[in-house]
Structures are given as structure tokens and as C-alpha cells.
Amino acid sequence: MDFLLLLVGFRMYFEVKTLRAPPMRTKMSRIAGSASPARGAKSVKRRMGVSGARQARQVANPAETKTGSAFDLNALRRDAYILSQLQDGVVCADVNGIVTYWNKPAERIFGWKAKEMLGRSVFERLPPGEARAWGRKRFDAVINGEKSFGVRHDYHKDGSRVWLEVHSTRMDDGKGHPVGIVTVARDVTERYKTEQKFRGLLESAPDAIILINADGKIVLANAQMEKLFGFTRVELQGKPLESLMPERFRASHLSHRAVFFAQPKTRPMGSNLELFGIRKDGGEFPVEISLSPIEIENETLVCASIRNIAERKQTEEKVRHSEAMMAAAQHLAHCGSWELNLENSDINTSSLRWSDECYRIFGFEPGSVAVTNEFFFSRVPVEEHAAITQAVAAAIAGGGDYSIEHRVVLPRGEVRHVHEQARVQVDQRTGRPIKMVGTVQDITERRKVELELRRSEDQFRSAMQHSPIGMALVAPNGHWLKVNEALCAIVGYTEQELLVSDFQSITHPDDLDADLGQVRRMLAGAINTYQMEKRYVHKDGRFIWILLNVSLVRDDDGRPLYFISQIQDITIRKQVMEELVKAKEAAEAATRTKSEFLAMISHEIRTPLNPILGAVQLLLGQECAPEQSELLKIIQNAGEHLLTLLNDILDLAKMEAGAATFMTVPVQIDVLVQGVLDIKRQSAHAKQLELLAELDPNLAFCYLLDEPRMRQILLNFVGNAIKFTPQGRVTLRVERHQVGPGRDQLRFSVRDTGIGISAEHAARIFEPFYQVDSSSSRRYEGAGLGLAICRRLVDLMGGQIGVESRLGEGANFWFTVWLDRRQSLAGSGTPWPGPLPGAGQRRILLVEDDERTRLVLATMLERADCEVTPAETSAGALALFNPGAYDLVLMDLRLPDLDGSATTSLLRQRERLAGVRPTPIIVHGDPAEKQQLHAAEQAGANGFLAHPVRQVDLLKLLNRHAPTATAGKFEGDDLPSSGLSCIG
Ligand code: ADP
């Protein structure tokens with residue numbers, strides 16, 4: 001406060017003294033002379049005039065007196081003039097308090113003349129006692145270096161009190177020794193009184209209040225201000241107001257203030273600004289500032305009242321937040337709130353307040369219309385008005401709650417269902433209803449769902465009633481809750497009879513435990529539904545087989561409510577099934593018989609054919625007359641044709657009986673194709689046809705397939721192509737058609753340039769016995785079975801077969817099949833390498849029951865320089881077999897006592913016991929007898945020859961497995977460990 005008074009009161013004085021730069025205290029210290037002793041002393045000397053000359057001499061700097069400035073008369077005159085113009089009293093005293101200078105304003109302020117005071121103690125003008133003691137105390141403090149500045153009261157010569165703004169400073173001799181004090185005083189009695197009144201007002205205000213001058217500096221601050229900003233009043237005084245606000249607000253504040261001070265009178269009083277304040281500790285907080293101009297001693301100041309609005313802001317934020325939450329909640333819940341004022345005598349025009357959601361429910365933009373009770377009714381269908389009015393009246397009369405559902409018509413005509421609930425609020429004093437506060441909930445969707453539910457319940461009921469399947473709702477304890485007509489018809493009981501009993505009572509006793517077990521599992525939550533076949537006991541006592549489907553319905557808490565059971569009468573189906581099972585078993589038995597019969601027939605027909613063909617081969621190998629040779633060739637051709645036909649018929653029959661089996665081994669496609677072409681090269685050559693192969697380079701190294709079967713199809717295709725192509729070429733092509741994980745789909749095709757097939761015939765040629773030219777005079781041989789067999793084989797391999805052809809334009813027969821890729825031939829029955837035939841005499845044990853075959857085979861072997869020991873049966877072979885005594889055993893797969901595989905295993909056993917190396921065992925028989933063949937391989941057979949045995953094949957195998965004349969010629973691991981080397 002002292003500082004501020006000084007600011008206001010002394011400004012003039014210091015400006016005159018030309019010390020313009022702040023801060024004030026610095027200015028003051030310069031006047032005292034301590035900061036600039038030379039000048040200070042000089043000034044004092046000048047001010048003191050004649051009566052102060054003695055004292056001035058004491059303080060003058062001797063060095064300076066020598067300078068020209070000490071005698072600067074102009075400066076002296078100027079200072080004297082300034083001093084004479086001063087309005088403030090100036091009093092100087094020496095260290096003892098003897099007055100050395102007393103100017104005119106001092107005479108006016110204190111009432112004492114200069115002549116009365118000069119040379120007297122400065123304290124004598126004070127009333128004796130306390131005042132004088134206090135004056136001395138202050139004097140001593142200043143002499144001791146304390147600066148004294150402030151507003152304080154003093155005494156006039158006439159005894160009255162005066163309020164002075166006083167500044168007292170010690171004067172030094174330039175070496176730090178005091179020589180006296182100078183006091184400048186201004187009479188501020190009038191202003192002080194005004195300010196005191198004003199201060200009282202400031203301190204009693206609840207807000208922080210400051211006075212700001214036109215420079216924007218704080219000249220006055222109250223205690224609240226100290227509290228709010230953390231600065232003391234002394235710190236605040238003189239501070240520019242903008243330093244109390246964050247940087248970002250300063251520019252706008254400054255321009256605002258400039259405008260304000262430009263026309264303070266026209267500014268509206270108390271304008272409120274919201275900005276941020278900055279505390280001493282740097283913390284920011286929101287404030288609201290109201291400004292009003294104030295005139296003090298002809299100076300326009302601004303009184304700023306500053307209020308911390310942090311709490312209000314928080315509250316506002318909370319309110320905004322909760323209002324937003326409420327609005328969001330109402331929106332989500334489709335539930336608005338409203339308030340109806342009941343104080344108006346005419347309820348229709350009473351004001352109604354709607355929340356935003358209320359507006360939306362009624363189809364309006366929030367706040368877009370002023371709502372009254374009348375307006376509300378204009379949105380509700382007329383037929384509902386009475387009910388609503390009654391409900392409202394009842395609520396008001398009874399002071400109770402109001403709850404009603406009604407419809408609302410939206411501006412575009414859409415209709416909504418709403419549920420309203422409200423409570424009437426009553427004036428506690430008068431008991432009169434004041435208002436109704438309520439909610440309105442959009443229940444359109446719920447209504448729809450309810451309607452849907454009701455509809456689906458009706459549908460369920462009607463579906464159940466009219467279902468051709470028996471249906472029932474059953475309580476968890478088994479009691480029938482609802483049964484339909486179909487169920488009554490199944491069990492022979494009426495609905496009434498069933499509804500007083502349970503399902504247990506009509507369940508067959510043998511099936512009850514199983515049924516109850518399922519029910520228990522379902523109630524325990526282990527299963528959700530179950531299906532079972534069980535028997536009911538009909539009312540007339542007979543058993544009925546039913547198919548039961550049960551599911552459990554639980555309530556929201558998971559408690560079982562009831563079972564839904566579907567009951568189908570399957571008695572007839574059961575009977576049919578039983579008969580079907582019997583029929584199937586009979587059919588399977590028949591198929592087995594048929595297969596056995598086919599195998600037997602195959603063997604029986606081949607058995608005589610073998611020696612016929614063998615004998616012919618042997619005879620053809622001998623020298624005979626050309627005519628005989630011709631006849632023998634006819635027999636051979638006819639025999640081979642017969643054999644092919646026989647093989648085809650048996651093959652087809654087996655496949656149709658489902659007896660065909662496949663044995664897959666890794667096969668190289670190029671080797672397979674080459675083999676087929678090798679076989680057919682001769683006949684192609686005979687017709688001067690080109691025979692070509694085209695292989696896709698993307699084919700894998702080998703594929704898993706049934707080599708004989710695949711060869712059979714390809715031979716058929718190529719054979720037909722050659723047969724039906726008079727000239728040109730036949731091309732066998734294999735391509736990778738599709739790629740799958742671990743397998744490829746291959747497409748085999750045989751294209752020829754032959755006679756072709758018309759579309760009509762092409763559609764049928766895969767049927768058994770179908771031939772394009774079936775006349776007796778036809779040019780081409782064949783029974784029409786080849787393609788039928790091919791189709792069956794491809795079917796069994798899961799592939800597809802077809803032909804693309806046009807009459808006269810050649811044909812392209814194809815099939816596709818998925819085959820597993822293989823990177824090696826492991827398990828493919830790698831042939832046993834050996835030298836060429838005829839390398840020395842070999843000892844062969846020949847086991848064959850058919851005498852003619854035995855004779856033919858023995859002759860073939862003997863011609864290959866073998867020594868043959870014949871045996872007719874398995875027992876005979878075992879008797880003759882001396883381990884290590886034979887180079888090879890050739891044995892029929894079918895023998896009258898033990899079959900080939902069993903005999904092989906016994907022979908191997910004998911060898912193991914004797915500890916000798918195994919003798920190669922070759923079995924011969926029907927290639928279709930896969931199982932026996934497989935068993936022989938398992939037992940230890942090394943090779944297989946297909947019937948009818950051809951001499952060349954026999955020699956090949958003989959050479960492969962018994963390469964030299966003596967036993968023990970097998971090198972390394974002896975025989976191949978897996979797979980039979982097959983010929984034929
Ligand atoms: P077939 O033993 O009679 O040849 P297939 O079943 O192999 O028996 O063939 C049935 C019929 O399909 C043949 O008789 C022939 O009419 C016709 N056919 C088969 N392949 C060709 C082909 N490449 N060109 C023309 N016709 C063919």
C-alpha cells in the first residue's frame with residue numbers, strides 16, 4: 001500500500017527529478033546520494049541553500065569541488081528552481097536531528113515556518129511523549145541505513161492530524177558515514193481517507209479485486225487477490241496485469257485494454273471475460289474478470305474483479321457431461337422425459353417440457369416446436385385421448401403414478417407405440433399438484449417382437465396340431481403337457497387319456513432305461529438333443545417302433561421347462577429294413593458264391609487251355625511241314641482268342657460282382673507306355689501304321705497304380721485304334737491334367753486316323769457287347785467287351801472315360817484318373833538282373849497237379865536245359881524239397897491239398913531250419929487271383945507267371961531268378977525283399 005501511494009503521490013516529484021527509469025526504489029537511493037555520492041552530495045548542498053551550507057561542505061566530495069561542475073551556476077539555478085517548484089515538503093536534518101533545510105511546502109504541511117525550525121531539533125515539533133519517541137525511533141532507524149517509505153500520520157502545528165506519504169533517506173559523506181537525513185513528504189490526508197473507505201470495501205469483497213492504471217499496472221490488490229494468485233500485495237503492486245495470465249491470452253488482453261482505456265466511459269460496466277490466470281507457482285486456473293472504470297483523484301483506473309471459476313467450470317462440465325450422458329442414455333433406450341406444469345388452470349395450454357429424445361420419439365427435431373399439452377394430443381390418435389385424459393386425471397386426483405401405452409402419429413404419418421409413465425409432484429404446503437414428471441418410451445420394436453412371438457406361437461401350435469408327425473411337450477418329470485393328433489393316432493390313446501399320464505407308462509419296458517438315461521443326461525446339461533429308436537406299447541397291446549427326437553427348452557435361468565418330442569412311427573420302415581438286411585445278406589452270400597464260381601470256372605477253363613497253347617508252342621518250336629505249321633498257328637490263334645474272350649468275360653463278371661481288387665505299386669509312366677507300344681508295335685507295323693507316344697514333361701517320376709489294369713486299358717485303346725485304322729497313325733498321349741496335393745490327375749488318350757464313330761454309336765460303345773458293326777459279315781473281330789471293361793476299370797479307379805470322334809475322321813479315346821505321385825520305385829518289384837538264358841543246367845522242382853500242364857511246362861524247362869523234378873501236390877513237393885538242392889521252384893498257385901502260398905511258406909520254413917539260402921520260388925496262376933498272389937508274396941514267393949504260361953516269359957523269369965546252373969549263385973541279399981517280378 002505504501003508503495004502504491006508513493007506511486008500515485010510522488011510521480012510528479014520524480015518525473016521532475018528526471019529519474020524516469022523504474023524501479024522507484026532505485027530512484028530513491030539515488031536521491032539519498034548513496035548510489036551516486038558525488039551527485040547526491042552536490043544536490044543536497046544546492047538544496048540546502050545558505051543555511052545548509054555548513055552541512056553541505058561536510059558532505060561535499062573534495063575531489064569534485066575541484067571540478068568545474070561545482071561552480072556550474074546554471075545548474076545550480078535550475079535545481080533551485082526545481083526545488084522551489086516542488087509541491088512536496090522537503091526537510092533535511094543532521095545526524096542529531098537538527099533541521100538544516102525546511103522548504104515552503106513543509107511550512108504548509110506541518111504549520112511550522114522555516115525560521116522556526118531551522119537549527120532546532122526536528123522532534124520538537126512533535127507532541128511530547130509517545131509521538132516524539134516514535135519520531136526519534138524512526139529517525140535513528142533511517143540514520144542506521146533503513147529506508148523509510150510509506151503513508152503515515154503526522155501532526156500539524158495546530159495539533160490536528162495529517163496523513164503524509166513520506167520518504168526518508170540517510171545522507172552519507174561518500175565513505176559510508178551518515179551526515180543526516182532527507183525527508184520528502186506529501187499531504188495525502190484527503191486521498192487517504194477516501195482510500196481507506198474504498199479499502200474497507202475491497203477487503204470485504206468475496207472476489208479478488210485489483211485496481212489497474214492506464215499502463216495496465218496493478219496499483220491496488222486485496223487479500224483475496226493475494227490468496228488467488230499466491231503473490232503478496234507488495235509483489236502484486238506495479239505488476240502488469242498481463243503477467244498474471246498465460247502467454248496465449250496476453251495479446252488479446254492488451255488490445256482489449258487499449259480499447260477500454262480509449263473510451264472508458266462508453267465501455268459497458270462490469271463486462272465479463274473468461275480467461276486463465278497464472279499463479280505464482282505457475283499453475284493455471286480459469287478466471288472470470290469483470291472490469292469497471294473508477295475515478296480516483298481525477299485518474300481513471302480500472303477496477304477488476306477476478307473470480308476463480310475452476311469449480312464452476314468443473315460443475316458446468318459435470319452438468320454438461322451428465323446432460324450428455326442422460327441424452328445418450330435416453331437416445332439409446334428410446335426413452336424421453338417430460339414435465340407438465342399443472343399450475344395453470346387450463347391444462348391444455350399448460351407448458352410441456354420435452355427432452356431431446358421426446359422430440360425424436362414424436363418425430364420432431366429437438367426443440368423445433370413449442371410443446372403444450374394440446375400439441376401433445378394433436379400427435380395422438382383421437383380414439384386414445386379419452387384413456388389418456390382419464391389416466392392423467394386419476395393420477396392428479398390420487399396423487400399417484402400414471403402409466404399408459406398409446407400410439408403416436410409422426411409428422412409423416414408413421415405410427416409408433418409408446419409407453420408413458422409419470423408421477424405427480426405436489427406442493428407440500430398447499431397439497432396442490434404442481435407438475436407431472438414422466439418418461440415416454442418407444443416400444444414399437446417391442447410391440448413388433450411381441451406380435452411376432454404371438455404369431456410364431458400360434459404357428460407352432462397350429463403346426464404341432466396339424467403335423468403328420470407325432471409331437472408333444474413333456475414336463476421334466478415325463479408328464480405329457482401337450483400332445484397332437486398324430487401322436488394320439490400312433491399310440492391309440494385320446495388326448496385326455498395321455499394328458500393324465502406320462503411317457504414312461506407307454507414306453508416298452510426294455511427301452512425305458514435307455515430313454516430315461518438320455519433324459520437324465522439332457523437335464524444334467526450333457527447333451528442338448530437326442531434321437532433314438534424305441535418302442536411304445538399301443539393301447540391295443542402291440543409294440544410300435546418309433547423314431548424319437550427330443551430337445552429341451554430351458555428358462556432364462558437355465559432351469560428345464562419342458563421337452564419337445566417328435567415321434568415318428570417307423571414300425572413299417574423297421575420291418576422293411578429288417579427284410580432289406582436279410583436280402584442284403586442273401587445278396588452278399590450270392591455274390592460270394594458267384595465270385596467263387598467265377599474263380600473256379602476261370603481255373604477250370606484255363607487249365608485245359610494252358611496245355612493246349614503250351615503244346616502248340618512246343619510243336620511250333622519243332623521242325624514240321626509248312627502245312628502242319630499253318631494248322632498249328634490256326635490252333636494257337638484260336639486258342640489265344642478263346643483265352644482273351646474268356647479273360648474278358650471273367651474280368652467283367654468279376655467287376656460286376658464287385659470282386660475286382662486293385663494292387664498299386666509305383667510305376668514309371670514312360671516305361672508303362674513303352675511296354676504297351678512294344679506289345680502293339682508288331683500289329684501296327686503289319687498295317688504300316690505309325691505308332692507314336694507323347695508324354696507330358698511335367699509328369700512325376702512315377703505314380704502309384706495297378707500296372708496290369710492300366711496296361712489292360714491302354715492295350716485295349718491302342719489295339720482298337722490299330723484295328724479300326726486302315727492307314728495313318730496311332731498316338732498314345734499322357735498329360736498332367738490337374739495338380740493336387742501329393743497327386744496328379746493324368747489324362748491318357750489314344751488318337752487314331754481311322755474310320756471314326758458316329759455320335760449315335762459313340763454314346764453306346766462303352767456298353768458290354770456293343771459294337772458299331774454287329775452284323776455277321778462284319779470286318780472286325782471282337783466281342784464288344786473291351787471298352788465295357790475299360791469303363792468299369794476306370795470307374796473303379798474313380799476316373800472318367802470317353803471318346804471324341806466323327807465318322808470317317810478318326811477317334812480319340814481318353815480316360816482321366818487321379819494318381820498319387822512317387823519319387824522312387826521302392827516297392828515296385830524291381831526285376832532281378834541276370835545273364836541271358838541257357839547258361840548251364842538248372843535244377844527245377846516243378847509242382848503242378850494238372851498232368852498236361854505239368855508235361856508242357858516240363859518240356860519248356862527241359863528245352864531251356866533244366867533238370868526237372870516233377871511233383872503233383874503240395875505234399876509231394878515238400879517230400880521232394882531238399883533245401884539248397886534246387887535252383888528254382890515253379891509251382892501252381894492252386895494245388896489240390898495245400899495252395900501255393902501255404903506250400904511256399906512251408907518250404908521257406910524248411911530252409912530256415914536247415915539254415916540254407918532261400919531257393920527262388922515262382923508261382924503261376926490266374927492274374928485275377930490277387931489275394932492268393934498277395935498271400936504267396938507274403939509267404940516268400942519271388943516271381944509270378946500268368947496263365948497261360950508262355951515259353952518266353954518262363955525263360956525270362958528263370959533267367960532272372962536262377963541265372964546259373966548251380967545252386968548258391970545268388971549274390972548279395974539273395975532275393976528281392978518285396979514285390980513279385982511278374983510276367984504275363
Ligand atoms: P471290340 O472287341 O468289338 O473291339 P470294344 O469294346 O473294344 O470291343 O469296342 C466296341 C466297339 O467300339 C467296336 O466294335 C467298334 O465298333 C468301336 N470302336 C472301338 N474303338 C474304335 C476306334 N478306335 N475307331 C472306331 N471304332 C471303334
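In the predicted model, an open sheet is formed by 5 strands in the order β2-β1-β5-β4-β3, with antiparallel pairing; two strands are taken as paired if DSSP finds at least two bridges between them. Strands (E, at least two residues) and helices (H or I, at least four) are DSSP runs numbered from the N terminus. Between β3 and strand β4 (residues 161–172), 8 bridges are found in the antiparallel sense, and the bridge partner of His 153 in β4 is Trp 163.

Residues are numbered from 1 along each chain as its sequence is written. Because the model is predicted, local features need pLDDT of at least 70 and side-chain atom pairs count only at pLDDT 80 or more, whereas totals for chains, interfaces and linings use all residues, and side-chain values use heavy atoms, with hydrogens and water left out.

A further open sheet of 5 strands has the order β17-β16-β20-β19-β18, again with antiparallel pairing. Here β17 (480–483) and β18 (529–537) stand at the edges with a single partner strand each, so one side of each is left without a neighbour in the sheet. From one strand to the next, the twist averages 30 degrees. Helix α18 (residues 444–466) packs on this sheet, touching β16 (470–474), β17 and β20 (560–569), and its direction makes about 125 degrees with that of β16; contact means heavy atoms within 4.5 Å. Helix α21 (residues 509–523) lies across β18, β19 and β20 and runs at about 155 degrees to β18. Strand β19 (residues 543–554) is joined to β18 by 9 bridges in the antiparallel sense, with Val 550 of β19 as the bridge partner of Tyr 530.

Both Tyr 530 and Val 550 also line the second largest cavity, among other residues including Trp 480, Asp 515 and Phe 563. A cavity is a set of points on a 1 Å grid over the protein atoms alone where a 1.4 Å probe fits but cannot get out, and lining residues have an atom within 4 Å of a point. The volume of this second largest cavity is about 90 Å³, a volume being the space filled by probe spheres set on the points, which are joined across faces, edges and corners. At least two lining residues are supplied by each of α21, β18, β19 and β20, and the largest share, 3 residues, comes from β18. The count of cavities of 30 Å³ or more comes to 12.

Strand β15 (residues 433–442) pairs with strand β11 (residues 335–341) over 7 antiparallel bridges, Gly 336 standing opposite Val 440. Strand β14 (residues 415–426) is also paired with β15 in the antiparallel sense, over 9 bridges, and His 419 has Gln 441 as its bridge partner in β15. The hairpin of β14 and β15 has 6 residues between the strands, and Gly 431 in the turn has a positive phi of about 75 degrees.

Overall, the protein has 32 helices and 33 strands. Of its 984 residues, 45% count as buried, defined as under 20% relative accessible area, with exposed over 50% and partly exposed in between (1.4 Å probe, protein chains only).

Definitions and conventions. Axes fitted to C-alpha atoms, helices over the stretch in contact; angles between N-to-C directions. 1 Å grid on protein atoms, 1.4 Å probe; cavity = no way out; pocket = protein on both sides within 12 Å on 5 of 7 lines; lining within 4 Å.
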